[in-house]
Amino acid sequence: MIIDRDAALSALIPHVAERDIVVAVYQSCFDWLQLNPRDLNYVAVGAMGQASSHGLGLALANPDRRVIILDGDGSLLMNLGALVTIANAGVTNLYHFLAANRVYEVNGAHPLPGADRVDFVGFARSAGYAGSQSFGELDLFTEALPYILAAPGPQFVSMEVRPGQSYPRDYDYIHSAQARQTFRAALNRG
Amino acid sequence: MVSAPNPTPDAPVVAHPSGAHIIARIKEAGIREIVALPDIVTSDGLLWPISNDPEFRLTRICKEDEGVSICGAMSYNGTRALLMMQQTGLMDSLNAIRAIGMDYELPVVMMVGLQGKEPHLRPDQSASYGVRIVGPVLDAMEIQHSLIEEPEDIDHIPQAVATAYAESRPHVFLIGRAPEAS
């Protein structure tokens, strides 16, 4: 079973509170920006693989906010140690969602190494996340979301997805000073 | 790993900076968040004391570029942080520093032990290629850096940190001699 990515992200939207920070990367980011544009979307990740580490920095510095990471599977494979770092950092406000499409989607859709075998949930569980689970059915994912986001973090959720509707890839925006300033201003408004 | 030159018996004895004084300057700079991977140059004099100091929160990382992102993200609400690592980790993190520190103009402040540098020689005089290239690489990337090896070199730490945050750009402190654990 597999979920359309935009359906999975749309299911998440009602559970994202106004004060929550959302860190999103690559196609999940482009989809999210269209589906749920908001000032506390953190899009300036800079280097592939670094979303979870940005999320950790935000979670440490903003303990009164939830930090929701929309990571990519190819990205996570570049920074697997971050799972251990996060699990060891003592953050309870970090929620790590993985769009597991098993390909490098924005770079030509080449398969991940070990695409049909990699167990991301197992990685997070053995790293020490408080919770780690996978969903391939939208109904079950939707049903579980409020419980996941109410549980103490760090929580890891692998969403087994395929591309849904195609949203434009606005690289200029995610790397722009405007995007960073918008986020900074929203964060510091309190 | 960096090969360390064999110390010659006739190498001059030089003074080393005080780790306690460096830590005091780090605190004076308003830094309470330390993000680190162990580095043998700064282990005894800085990282162990910091790890036992309740005024700091130490986040231990698995790879240095994680720290670039953590410190950069922390800066959005003004939280000051210091990333500690060895120059090998700095070299391994150049793309993250390029993107997050330089392209995004974020104040990522780093303290980097020059493992393999001879204490009595300047970095550009070192027999170690891995040490000699650090300054030129940072210059090529237009990243501000300063050297800490004489005891009095530590005095500029608070101002350099303040400038990095005021101007929202990285700064690298290069530790050329192992700080003493006192």
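First, the conventions. This is a predicted model, in which local features need pLDDT of at least 70, side-chain atom pairs count only at pLDDT 80 or more, and totals for chains, interfaces and linings use all residues. Residues are numbered from 1 along each chain as its sequence is written, while chains are lettered from A and ligands numbered from 1 in the order in which they are written. Helices and strands are DSSP runs, H or I of at least four residues for helices and E of at least two for strands, numbered from the N terminus.

Chain A as a whole, then. Chain A has nine helices and nine strands. Its radius of gyration is 15 Å, close to the 16 Å of the globule rule for 190 residues, so chain A is as compact as a globular protein of that length. That radius is taken over C-alpha atoms, and the rule is 2.2 Å times the number of residues to the power 0.38. Along the principal axes, the C-alpha atoms of chain A fill a box of roughly 45 × 35 × 30 Å. Of the 190 residues in chain A, 48% are buried. Buried means 20 or more other C-beta atoms within 10 Å of the residue's own, with C-beta atoms placed from the backbone.

Next, the interface. Between the chains, 24 residues of chain A are in contact with 22 residues of chain B; contact means that the C-beta atoms, placed from the backbone, lie within 7 Å. On the chain A side, H3 (51-61), H5 (81-88) and H9 (177-188) each supply at least two residues. H3(A) gives the most, with seven residues.

Now the sheet in chain B. Six strands form an open sheet in the order S2-S1-S3-S4-S6-S5, with parallel pairing; two strands pair if DSSP finds at least two bridges between them. The edge strands are S2 (57-60) and S5 (144-148) of chain B, each pairing on one side only.

Back to S4(B), residues 109-113. Four bridges join S3(B), residues 81-86, to S4(B), and the two run parallel. S4(B) also pairs with S6(B), residues 171-175, over five bridges in the parallel sense. There, Val109(B) stands opposite His171(B), and Val112(B) has Leu174(B) as its bridge partner.

Why is S4(B) largely enclosed by the rest of the structure? Five of its five residues are buried, so the strand is largely enclosed. Both faces are covered, with Val109(B), Met111(B) and Gly113(B) buried on one side and Met110(B) and Val112(B) on the other.

Last, H1(B), residues 19-28. Here the buried residues are Gly19(B), Ile22(B), Ile23(B), Arg25(B) and Ile26(B). They cover an arc of only 160 degrees around the axis, which puts them on the same side of H1(B); the arc is that of the directions from the helix axis to the C-beta atoms. What do the buried residues of H1(B) pack against? They pack against H2 (43-51), S3 and H8 (157-167) of chain B. After H1(B) comes Gly30(B), with a positive phi near 85 degrees.

Methods: Contact = placed C-beta atoms within 7 Å. Buried ≥ 20, exposed ≤ 12 C-beta atoms within 10 Å, placed from the backbone.
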